Each structure stands twice: as C-alpha cells, then as structure tokens.
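Biologist: Before we look at the model, could you explain how a pair of aromatic rings is read?
Modeller: A pair of aromatic rings is described by how far apart the centres are and by the angle of the planes.

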Amino acid sequence: MSDSTPHSSEVPATGPAVGQDEWVARHADRRIMRGGRLGEVEDRLRRVPWWVWLTVFVALFSLLPVVESSGYVRRVAFDTVLYMMLALGLNVVVGWGGLLDLGFVAFYGIGAYTYAMLDSDKFGVHLPTLVAVPLVVAIGAIVGFLLGLPSRRLTGDYLAIVTLFFLQLFQTLMTNGDNAFGHNLTGGPNGILRIDPFHLFGRELAVQHEGLFAVAYLYVALAFFVVVYVALRFVNLSRTGRAWRALREDPLAAEAMGMPVHLLKLMSFSFGAAVAAFTGTLFGALNGSVFPLTFYFVLLITVYTMVILGGSGSQPGVVAGALIVAPLLELLREPEKSLAIFYVALAGGLMLAFRFSRTLAIVAGSTLAFGFAAHALAEAINPAWVAGEHGNGFSGLVSHWVIVPSELATWIPPVSYIGLIGVALLLTMVHGTLRLVLLVPTLYLAAFVWQNVMLAKPEPARFIVLGVILIALMILRPNGLLGERRVEIV
C-alpha cells in the first residue's frame with residue numbers, strides 16, 4: 001500500500017506569512033502566464049521598473065507638439081492630462097480607500113474657483129503662482145477633511161448620497177453666489193473672468209501664442225502629472241497605502257486589527273481632494289475663466305468611467321483609462337471618425353470574445369452575408385429604403401451594406417433602438433448555438449441603429465458608446481484593463 005502523503009523534502013520550507021491566507025500565498029504559482037516567445041516578452045515587460053515606463057510615457061507625450069501643430073489637438077492633449085490627474089485623485093478615494101465618493105468633481109471646482117479668487121480682478125488679489133497653487137492645494141485638502149468628518153461613519157450608498165449632496169451644494173452655491181449676503185462672491189452663472197495665467201520663473205505663461213494653444217501649459221501639466229503620480233506612488237507603498245487597501249477590502253477586519261479606520265477615511269478624502277484642487281488650478285489658469293456649469297455630474301461620470309475602465313486601484317490602469325476615454329470622446333464628435341470607431345470596436349469585441357477561432361469566422365461571415373442579403377432585399381422591395389446618402393471612403397462602403405433609407409419614418413429610430421436593447425438582453429439569457437444565431441441579426445441591427453440613429457446625434461451617442469464599451473469590458477474583464485485581481489465569491 002503506497003503512501004500518497006508527500007515526504008518532508010517535498011513540502012515547501014516556507015509557508016504563508018502571518019495573517020496571509022494560504023490561497024493568496026500561492027497565488028503566484030497558480031497564475032496563468034502565456035507560453036512561448038509572447039510569454040517571454042510579457043514576462044520581460046513586467047520586470048521593467050515603473051519609473052522607466054513613466055519616463056518613456058512622458059517623453060513620448062512631450063513629443064506631441066513637435067509632430068502635431070494643430071491647436072485643437074494640443075488642447076485635447078492638455079485636457080487628457082487633466083483627466084489623468086483627476087483619475088489619479090479619484091483612484092485614491094475609490095480605488096485605494098474603497099469609498100464611493102460622488103462629490104469628487106466639487107473639489108476640482110473648488111480648486112479652480114479658489115485660484116480664480118486668489119489670482120484675478122475679482123477681488124483685486126494677484127498672488128504669485130508659487131504661493132497660490134500650494135495654498136489652493138491646502139484648502140482643497142482641508143475641505144476634503146471637513147467633508148470626511150460627517151461621513152467617516154458612513155459606507156456604501158449612505159456615503160454616496162452624502163457626497164452627492166455635497167456636489168449639488170457646491171453647484172448651488174457657485175450658481176447663486178452672485179448675491180450671497182449682499183456680495184457677489186462667485187459671479188453666479190456668469191462665473192469669474194480674467195483669471196491670471198501662471199507666472200513661473202519670472203515669466204508669464206501665455207494661454208495662446210500666435211493664435212494657437214500655447215504648448216507651455218501642456219508641459220506644465222505634464223510636470224504636475226509627474227509630481228502627482230510619483231507622490232501617490234510613494235504613498236501607495238507606505239504604511240498608509242497598505243492600510244487604505246485593507247480598509248477597502250474589509251473595514252471591519254481592518255478596525256479589528258487596530259487600524260484607525262476613521263482617520264484613514266479622512267486622509268483618503270483629503271488626498272483625493274488635494275489632487276483634484278491641484279488640477280483645478282491648471283484648468284482655471286489656462287481657460288482664464290471658471291463657470292459653475294463646468295463641474296456638473298457628467299464630468300463625474302466621465303472620470304469614474306476612466307477609473308473603472310482602466311482598473312480601480314491601479315495607477316497605470318486609471319492613466320490608461322484616461323488616455324482611452326478622453327481622446328475617444330473627442331473623436332466621436334465627427335461622424336466619419338465615429339463610424340470607423342464603431343466598426344473597429346465591433347470587430348475588436350468579436351475578436352476578444354471568440355479570439356481567432358472557427359466561431360469568429362462563422363459569426364463574421366454570417367453577419368456580412370446577412371447584411372448584403374438584407375440590403376438587396378430592401379432594395380428590391382423599395383429602392384427608397386437604401387437611397388440614403390452615400391458618402392465617400394469608408395462611409396460609402398458601409399452604406400452599401402447597411403440599410404440607409406432616404407428618409408426615416410418617425411417610428412423607426414425608437415423602435416430600432418429599443419429593439420436593439422431587447423435583443424441584447426435576450427442574448428444574455430440564451431446559450432450555445434441559439435446565442436450565435438441571434439448574435440448575427442443583433443450585430444446588424446446595432447450597425448443599422450448606429451448608421452441611422454446615433455450618427456444624427458453625436459453628442460449623446462458619444463456617451464452611449466462609452467457606456468457600451470464599459471459594459472462589455474466589465475463582462476469580459478471585471479477588474480478593468482490593468483486592475484488588481486481580487487478573490488470573489490461567484
């Protein structure tokens with residue numbers, strides 16, 4: 001009778017550390033890595049130090065003004081850097097602290113408005129930039145600490161409601177602050193105008209140079225980003241950062257281990273608010289004005305999307321989320337680019353779902369055949385159904401596959417849109433061959449809705465596409481692109 005018990009020499013000499021679960025201790029042994037040369041490349045990339053990646057990224061981003069002279073593109077790049085900083089700040093509260101903060105954008109507005117009051121003609125105060133910016137950051141951190149005081153005992157939905165009320169309170173005060181106690185403090189709906197630009201090293205950074213966006217602000221924004229990223233990196237590696245992650249995973253267990261849970265929450269609010277206020281100074285200095293409508297709920301949803309898409313809790317992840325979302329929202333404003341992005345996202349989603357398999361070829365081929373058959377049938381029944389505007393290039397090619405009527409009946413947009421949602425929900429309830437069969441008309445219906453309904457209204461379509469991408473990613477990769485993997489009960 002053989003003994004199946006391993007000998008003592010086969011048992012690892014070291015076990016899990018004190019307070020560490022056995023499953024977590026052996027997680028690295030069970031991690032699935034790629035094989036072959038691709039696996040070797042991935043393993044080498046993982047070993048590259050974080051500061052090397054940061055240096056390469058900033059260097060490449062700095063070359064953008066050299067290769068692109070468009071003022072619009074440079075402004076989008078500047079806004080993207082602001083989004084990256086906001087995502088890093090929100091990641092402190094949500095990704096590390098595990099606190100559902102829906103008032104984060106208010107701190108961004110507090111930073112912009114405070115800088116406007118300290119450096120503008122509003123009150124005749126014109127502080128030096130190197131004095132005003134640290135002062136704004138300190139004020140933002142203090143306000144974040146004060147918000148955390150009544151919220152430190154709240155979690156989940158209760159915390160979300162309180163912080164959302166804080167955002168609404170900020171918007172109300174800024175909008176109606178033109179008659180606060182008989183004084184015009186915030187300019188009301190008209191905001192604060194003629195804000196001073198930054199003065200650094202004895203020079204004033206002009207907002208425009210020869211009619212174009214001044215690249216100096218882009219480089220200053222990148223410098224701010226590096227400062228925030230490196231500072232938060234060291235905070236994350238400190239005892240405070242580890243305590244935040246413990247608070248995120250299980251507040252009750254963290255408190256039982258003797259961690260000051262309430263103080264950690266207050267620090268999380270303060271750090272996140274300080275980063276947001278820091279970003280607000282850049283926004284106010286470049287734009288030369290601030291308005292209350294800028295800091296509404298849509299901006300909060302956009303920043304949250306960046307954090308979730310990139311991976312909550314991961315600094316590179318939230319930066320990647322901002323790099324994807326910010327330019328994507330701008331590209332979706334133009335119908336031609338928006339159309340190309342839709343089909344690229346559609347093809348990418350199919351490849352991600354089926355990879356390079358026979359199923360992918362079957363679904364793609366069936367969808368193309370279904371489209372041409374539907375287009376031919378519609379043209380045979382009534383040529384007006386396919387007599388819509390045929391553009392040039394990719395748009396013209398697609399219009400020979402998707403049915404584009406010369407004039408849409410009033411009932412078609414709502415019926416097709418609601419029908420697409422219904423069929424998509426039905427796909428989640430069926431499996432096997434039936435799902436593949438239903439997937440083909442669903443893909444074609446999505447193309448029809450995009451071509452005939454969404455392109456006519458690019459502004460709401462931008463956020464709808466963003467939502468669809470986010471939903472698809474959360475289904476395929478719940479932890480985001482670069483998010484931390486966690487143990488969950490399924």
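Modeller: Rings of Phe, Tyr and Trp (its six-membered ring) pair if their centres lie within 6.5 Å, with planes under 30 degrees apart counted as stacked, over 60 as edge-to-face and the rest as tilted; by this rule the count comes to 23 aromatic pairs. This is a predicted model, in which local features need pLDDT of at least 70 and side-chain atom pairs count only at pLDDT 80 or more, while totals for chains, interfaces and linings use all residues. Residues are numbered from 1 along each chain as its sequence is written, and side-chain values use heavy atoms, with hydrogens and water left out.

Biologist: What kind of aromatic pair do Tyr108 and Phe295 form?
Modeller: Tyr108 and Phe295 are edge-to-face, at 5.4 Å centre to centre and with 80° between the planes. Tyr108 lies in helix α7 (residues 104–118) and Phe295 in the loop between α13 (261–287) and α14 (297–310), so the pair ties together parts that are 187 residues apart in sequence. Helices here are DSSP runs (H or I, at least four residues), numbered from the N terminus.

Biologist: Are Tyr108 and Phe295 buried or exposed?
Modeller: Tyr108 and Phe295 are both buried, where buried means under 20% relative accessible area, exposed over 50% and partly exposed in between (1.4 Å probe, protein chains only).

Biologist: How is the pair of Phe224 and Phe278 arranged?
Modeller: Phe224 and Phe278 are stacked, at 4.4 Å centre to centre with 15° between the planes.

How values were computed
Helix = DSSP H or I, 4+ residues; strand = E, 2+ residues; numbered from the N terminus.
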